[in-house]
Amino acid sequence: MHATLDNLPPEILFLIIAFTLSGELVPSNILCVNRQFHYTGVEWLYRNLRFGSQEQLRLFAQTSENAGVVPRSVTVNLAGKYATSDIWQYLCEALSGCRDHVERPELGQKQVLLEILCLRLHSYARDSSFQVFEEALSVTNPRVFRWTGPDPEHHFSTAIVAPVARRLCRIFGTWSNIQDITITNIAFSSEFWNIDGSVTPLLPEIPGLRTLYVGQATFLSAGSVAALLCVNRMASLERVRLVDAYCESIWGSRVRRSDIEKAAQAIIFPQDGLQYDIVLARIRKLLTCEKKTERIIGGDRAEDSIFLI
């Protein structure tokens, strides 16, 4: 077997080891096969950093030998694990020690270029480390960002609380590399409505953004989504999906495309019918509102179609 694998092209061997390590709880099992497996496996592990506990992240951040690592992706998966607000400090330290930075003079710092940044953990309403949270995410610059809740998909829970959600949306605007955003198990707030009655878009202007997926969301303002599509001028945007997104709590109604269309009409003055027609066409081209998980009883039950029009 060793002789056969040794004759494989390095690219094929790398793919085999990467596939094995992606589901392997004990990486040392395959790394001990031979020297070639070890070097190839270690290269993959450091290019695709995965942390399954807060302690792993702390040890990585505080180990000087890890300084200068150039990761391609970073995953923090704390499903079923206990974590404190220190997680953001450890993440910030770990990313700050990585190489392959891009200068951001307007932020007064460097950012780490990543292909994927994936988080699966809870934030906390009483978390006093909002500044550290912002620093941890602002030090990176991913192309793809995913933050999903650590609970099973059928379990509707809130992982990203409203104060964190507000800061997270602001951070997206500092990522020049971002193209795809997925956020689920998130609670928004009413702060998208301004004193003068205007509406703040759900996200800031992000020129390179291609796709946005918002799932299992509560208190999502239809006006903020409408403003995203008719106030912001994001030419690269290809698709916006709202899946099990609720106007208020999960006992209320889901957000439907018609809600977004009505909100857009309120934002654009009624006499500007031509502009509204353009915006309406843009909404219907880019936006889908969908249902995925039904309650056993009660709530907004949409049983005819997965699409909410």
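Tutor: Two strands pair if DSSP finds at least two bridges between them. Keep in mind that this is a predicted model.

Student: What makes E6 and E7 a pair, and which residue in E7 is the bridge partner of Ile 186?

Tutor: Seven bridges join E6 to E7, and the requirement is at least two, so the strands pair. They run parallel. Ile 186 has Ala 217 in E7 as its bridge partner.

Student: How do you know that E5 and E6 pair?

Tutor: There are four bridges between strand E5 (residues 140–148) and E6, in the parallel sense; at least two are needed, so this is also a pair. In E6, Thr 182 is the bridge partner of Arg 146. Together with helix H8 (residues 162–172), E5 and E6 make a right-handed β-α-β unit.

Student: What makes strand E6 mostly covered?

Tutor: Eight of the eight residues in E6 (residues 180–187) are buried, a term for relative accessible area under 20%.

Student: Why is Ser 221 called buried?

Tutor: Its relative accessible area is 10% and the limit is under 20%, so Ser 221 counts as buried. Ser 221 sits in the loop between strand E7 (211–218) and helix H9 (222–230). A polar atom of its side chain lies 3.2 Å from the backbone nitrogen of Gly 223, and the cut-off for a polar contact is within 3.5 Å.

Student: Why is Ile 16 called partly exposed?

Tutor: Ile 16, in helix H2 (residues 10–22), has 35% relative accessibility. Buried is under 20% and exposed over 50%, so Ile 16 falls in between and is partly exposed. With Ile 12 and Leu 15, Ile 16 forms a nonpolar surface patch of about 260 Å² accessible area together.

Key
Residues are numbered from 1 along each chain as its sequence is written. This is a predicted model: local features need pLDDT of at least 70, side-chain atom pairs count only at pLDDT 80 or more; totals for chains, interfaces and linings use all residues. Side-chain values use heavy atoms; hydrogens and water are left out. Patches are made of residues with over 30% relative accessible area and no salt bridge: like charges are joined within 9 Å, nonpolar side chains (Val, Leu, Ile, Met, Phe, Trp, Tyr) within 5 Å. Accessible areas come from the Shrake-Rupley method with a 1.4 Å probe; for residues, only the protein chains shown count as cover. A salt bridge is a side-chain nitrogen of Lys or Arg within 4 Å of a carboxyl oxygen of Asp or Glu. Helices (H or I, at least four residues) and strands (E, at least two) are DSSP runs, numbered from the N terminus. Buried means under 20% relative accessible area, exposed over 50%, partly exposed in between (1.4 Å probe, protein chains only). A polar contact is a pair of N or O atoms within 3.5 Å; within protein, one must be able to donate a hydrogen and the other to accept it, and residues adjacent in sequence count only if both atoms are side-chain atoms. A crossover is right-handed if, with the strands pointing away from the viewer, the path from the first strand over the helix to the second runs clockwise.
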